[in-house]
Amino acid sequence: MKAEVAKKYARVTAVGLAQIAMFAALMVVGARISIPFAPVPLTFQTVIAVLSGLLLGAKKGVLAMLVYAFMGLVGLPVFSGGGGFFYVVKPSFGYIIGFAFSAMTGGLICGKGKPSARRYLVAAVAAMAVDYIIGIAYFILVWQLTVGTGLGMAIVTYNLLYIPKDIVLCLLSGVLAKKASAAVRR
């Protein structure tokens, strides 16, 4: 009996690690696939962070985003602009911090069991909002410390301009997560 429990636990752990690794890898891909857009190219990282929480749950979603952030901070070129510890002084680094909180929010709202389509949509939008709140707050802090002027226009240009795209993608991710959740749980 103990051997069966240990075998089942090891399998779940292996599956969980594979899921975490897969979403960390998807974040790398999401950073590299970009649509040229001024002043900052459009990437798919926010939606992948949201999906990690919706599909993996809060704990594994957060771990996937932390693995991604760790890889970038130790110097692997996984962020949209490369990698390295110096990235913490970039105004956009707050979004990378926000990815983990975004995944946690989405995972907590969806919770365990079989949530409704509406709950997936609410979780997706809430998770995106958390990433933006953290990202914009960090942006303001770093902008004030490094540039100091033109903050209002910078918030609009480098942050708010991207919200419509992320709302559409996050709503689509909520629909996708609802459809894919049964397969992921198996």
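At what angle do H4 and H5 pack, and how far apart are their axes? I put this question to a predicted model. I found an angle of about 155°, with the axes of H4 and H5 7 Å apart. Angles over 145 degrees count as roughly antiparallel, so H4 is roughly antiparallel to H5. I also noted that the crossing of H4 and H5 is right-handed. I then sorted the residues of the contact of H4 with H5, and they divide into 17 nonpolar, six polar and two charged.

**Entry: the loop between H4 and H5**

I next looked up Lys114, whose place is in the loop between helix H4 (93-110) and helix H5 (117-146). Is Lys114 buried or exposed? Its relative accessible area is 67%, and because the limit for exposed is over 50%, Lys114 counts as exposed. I also looked up the separation of Lys114 from Asn159, 45 residues apart from it along the chain. The C-alpha atoms of Lys114 and Asn159 are separated by 34 Å.

**Entry: H5 and H6**

I turned to the pair H5 and H6, which pack at an angle of about 140° with their axes 11 Å apart. The residues of the contact of H5 with H6 divide into eight nonpolar, one polar and no charged.

**Entry: H2 and H4**

For H2 and H4, I found that the axes come within 7 Å and cross at roughly 40°. That angle makes H2 oblique to H4. H2 passes H4 in a right-handed crossing. From H2, the residues Gln45, Thr46, Ala49, Val50, Ser52, Gly53 and Leu54 meet Phe99, Ser102, Ala103, Gly106, Gly107 and Cys110 of H4. I sorted the residues of the contact of H2 with H4 into six nonpolar, seven polar and no charged.

**Entry: the nonpolar core**

How many residues does the largest nonpolar core have? I recorded 46 residues, and those with the most contacts inside this core are Phe23, Leu54, Met65 and Phe99. The elements that give two or more residues to the core are helix H1 (2-32), helix H2 (45-56), helix H3 (58-73), H4, H5, helix H6 (151-158) and helix H7 (163-185). H5 provides the largest share of the core, eleven residues. As general background, nonpolar side chains tend to be buried together in soluble globular proteins.

I then followed Phe23, leaving aside its neighbours within four places in sequence. Phe23 is in contact with Ile48, Leu51, Ser52, Leu55, Leu56, Ala64 and Met65.

Which distance separates the C-alpha atoms of Leu176 and Ala117? I noted 9.8 Å, with the two residues 59 residues apart along the chain.

Methods: Residues numbered from 1 in each chain as written. Predicted model: local features only at pLDDT ≥ 70, side-chain atom pairs only at ≥ 80, totals over all residues. Heavy atoms only, no water. Helix = DSSP H or I, 4+ residues; strand = E, 2+ residues; numbered from the N terminus. Buried < 20%, exposed > 50% of the residue type's maximum accessible area, 1.4 Å probe, protein only. Axes fitted to C-alpha atoms, helices over the stretch in contact; angles between N-to-C directions. Parallel < 35°, antiparallel > 145°, perpendicular 65-115°, else oblique. Left-handed = near helix turned anticlockwise from the far one by under 90°. Nonpolar A, V, L, I, M, F, W, Y, C, P; charged D, E, K, R; others polar. Core = buried A, V, L, I, M, F, W, Y, C linked by side-chain atoms within 4.5 Å. Contact = heavy atoms within 4.5 Å.
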